[in-house]
Amino acid sequence: MTEFALLNTIKNPSDVKNLEPARLEQLAAEMRRAVLQKVSAKGGHLGPNLGTIELTIALHRVFNSPKDKIVWDVSHQCYPHKLLTGRAFGFTDPARYHEISGYTAPAESEHDVFTVGHTSTSVSLACGLAKARDILGQKHNVIAVIGDGSLSGGEAFEGLDNAAELGSNFIVIVNDNEMSIAENHGGLYGVLAKLRASGGTAQPNYFESLGFEYRYVENGNDIAALTAAMQQVKDTPHPVVLHVHTLKGKGYKPAEENKEAFHWSMPFDIKTGKVLQDSSNQPQTYGEVLINHLEQKAAADSKIVAINAATPGALALRGFRERRPQQYFDVGIAEQHAVAFASAMAKGGARPVALFYGGFIQRAYDQLSQDLCLNNSPAVIVIESAGISSMDCTHLSVFDIPLMANIPNLVYLAPACEAETRQMLDWALAQNEHPVAIRLPGGAVPALQNDPAAPLELNKFVPVKAGSKIAVLGLGGFFALAEQVAGKLLEHGINATLINPRFITGLDEELLNHLVASHDTVITLEDGVVDGGFGEKIARFYGDKPVKVYNFGAKKEFTDRVPVEELYRRYELTPEQIVARVLA
């Protein structure tokens, strides 16, 4: 392919070192086309990767990967690194797009040190590599590449604070494109703005205050300037920060002008920048139902506020942010702070609703347990896009039930339909006795044969359809699956009882005891891992009773970009598989 003539000759970083300087701009242009081609066809992180192409070329011109260790924070900007480390085929050959993940992956290449998809971790990880190197008496560079948005995460500060004490080679490259996933939030960003405006001379200097030598490059998309700066810090025998000012979305006008929308994008038309998927006729998701209802309630009550940790686009919060700015708080990439902040707001009399993507909530476990639940603050936590998915291994959202459902005082709710989603938000905001979390599955709200919406009473399940012999409990988004299973059982002459549990954290013991008289089998279905999950609570309850319990859900494993349909078959979650196993 002539459009990638030079890029296709790059098999490893030594090939980058051997290029004449005059050819580096051609290489950058081909890399930019490769990133645009793949992301426009398959979706992915666009703006961060377009902005770090020159930075990546300079890194591999100066340093010697894999001997020198490069740790990429969150991996949102690792596509150019993959292009220069033998994986260009994953961006230039459409037939091989699926072979390369969107995140650093040691299984793909020796040039990737860690599997990383969460933010603010690079400095801590690189600090550990540097300390191990020093203990073993080795000699090589350790480089952490971290974006300015990632600096708002608490682990980034902890890593920087500790790294300055190393007293040996440790290089932190701060890729400052003036953006997080969305806009930056926090006092640190005023300091960075002053450093940019002054060419790196303004005081106070955050990095110097932590004990780092500090250097600044204004044009972070200039290969020659970056290469010169990296040559100066290479092999430095003490911790140093190289602060570079880059342009997010560099080289693609729509991404430069709309940085938030093109941080991550669905497939789009390169000429127009328009997303190819028509969302106008798409059914509502659980998240959209809840956000729309939250906005209506916020319009009627100024005490209701939304709290978000830097992901407004992923959580359908952009409209709320624009229309109700006084009731919207983006705390930046700081999930721990978001939970503690919400707990304290609730204690102070406000009605906070803190919203998180399901794969990120574990970052704030201690705050959920201590700051929120130990203090029994009536804040509302929303966990979005939870359940079995085809996401990569760093963004799985199937582990939240075992994580959250065993914290004292917390009430964890699982709506099965549109009406229940609104009802549960109403209930959570109206009560003052408990912290309440609401689990929202990914995807569209299902159309149910039996609408399970009923008055909400603490730990009371809803018997939607009465039957005998077999009872099917379908939790939240899997209630629709429970309906299908009940239908299949009816084909075998079994009129099964159908139950919507609604409450993940508490058992309706009266209803469960009542089933014993006329049922010998109970089936539980949950859109999460079985180990430590909701179904195991039911099985434990029936442990001393003459009832057989079958728990269906996900296996405890890290999956990586496996199609949902394949996972359902693997976990025996099709109606046919469930019925066959039970009847056998």
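Contact here means heavy atoms within 4.5 Å. The model is predicted.

Helix α23 spans residues 575–583. Its buried residues are Pro575, Ile578, Val579 and Val582. Seen down the axis of α23, these residues fall within an arc of 95°, so they line one face of the helix. What does that face pack against? The buried residues of α23 pack against β15 (469–474), α19 (479–491), β17 (519–529) and β18 (548–554).

Most residues other than glycine have a negative phi, and most peptide bonds are trans. Is lysine 469 buried or partly exposed? Buried would require under 20% relative accessible area, and exposed over 50%. Lysine 469 has 41% relative accessibility, so it counts as partly exposed.

Asparagine 409 is another residue with a positive phi that is not a glycine; the value is about 80°. Asparagine 409 sits in the loop between α17 (400–404) and β12 (411–413). Its relative accessible area is 37%, so asparagine 409 is partly exposed.

Now turn to helix α4, residues 53–62. This helix is mostly covered: 10 of its 10 residues are buried. They run from Ile53, Glu54 and Leu55 through Thr56, Ile57 and Ala58 to Leu59, His60, Arg61 and Val62. Take threonine 56, which lies in α4. Threonine 56 has a relative accessible area of 0%, and is therefore buried. Which residues does threonine 56 touch, leaving aside its neighbours within four places in sequence? They are Trp72, Pro80, His81 and Leu84.

Helix α4 also has a helical partner. Two packed helices are described by the angle between their axes and the distance between the axes. The axes of α4 and α11 (residues 223–233) come within 9 Å and cross at roughly 40°. The two helices are therefore oblique to each other. Their crossing is right-handed. On the α4 side, the contact is made by Glu54, Leu55, Ile57, Ala58, Leu59 and Val62. On the α11 side, Ile223, Leu226, Thr227, Met230 and Gln231 take part. By class, the residues of this contact divide into eight nonpolar, two polar and one charged.

Helix α15 (residues 335–347) and helix α16 (residues 365–374) pack at an angle of about 15°, with their axes 9 Å apart. Angles under 35 degrees count as roughly parallel, so α15 is roughly parallel to α16. The crossing of α15 and α16 is right-handed. From α15, the contact involves Gln336, Val339, Ala340 and Ser343. From α16, the contact involves Gln367, Leu368, Asp371 and Leu372. This contact of α15 with α16 has four nonpolar, three polar and one charged residues.

The bond from serine 65 to proline 66 is cis, with omega near 10°. Proline 66 lies in the loop between α4 and β2 (69–72). Glutamine 203 and proline 204 are also joined by a cis peptide bond, with omega about 5°. Where is proline 204 found? Proline 204 is in the loop between α9 (188–197) and α10 (206–209).

Conventions
Residues numbered from 1 in each chain as written. Predicted model: local features only at pLDDT ≥ 70, side-chain atom pairs only at ≥ 80, totals over all residues. Heavy atoms only, no water. Axes fitted to C-alpha atoms, helices over the stretch in contact; angles between N-to-C directions. Helix = DSSP H or I, 4+ residues; strand = E, 2+ residues; numbered from the N terminus. Parallel < 35°, antiparallel > 145°, perpendicular 65-115°, else oblique. Left-handed = near helix turned anticlockwise from the far one by under 90°. Nonpolar A, V, L, I, M, F, W, Y, C, P; charged D, E, K, R; others polar. Buried < 20%, exposed > 50% of the residue type's maximum accessible area, 1.4 Å probe, protein only. Arc of directions from axis to C-beta.
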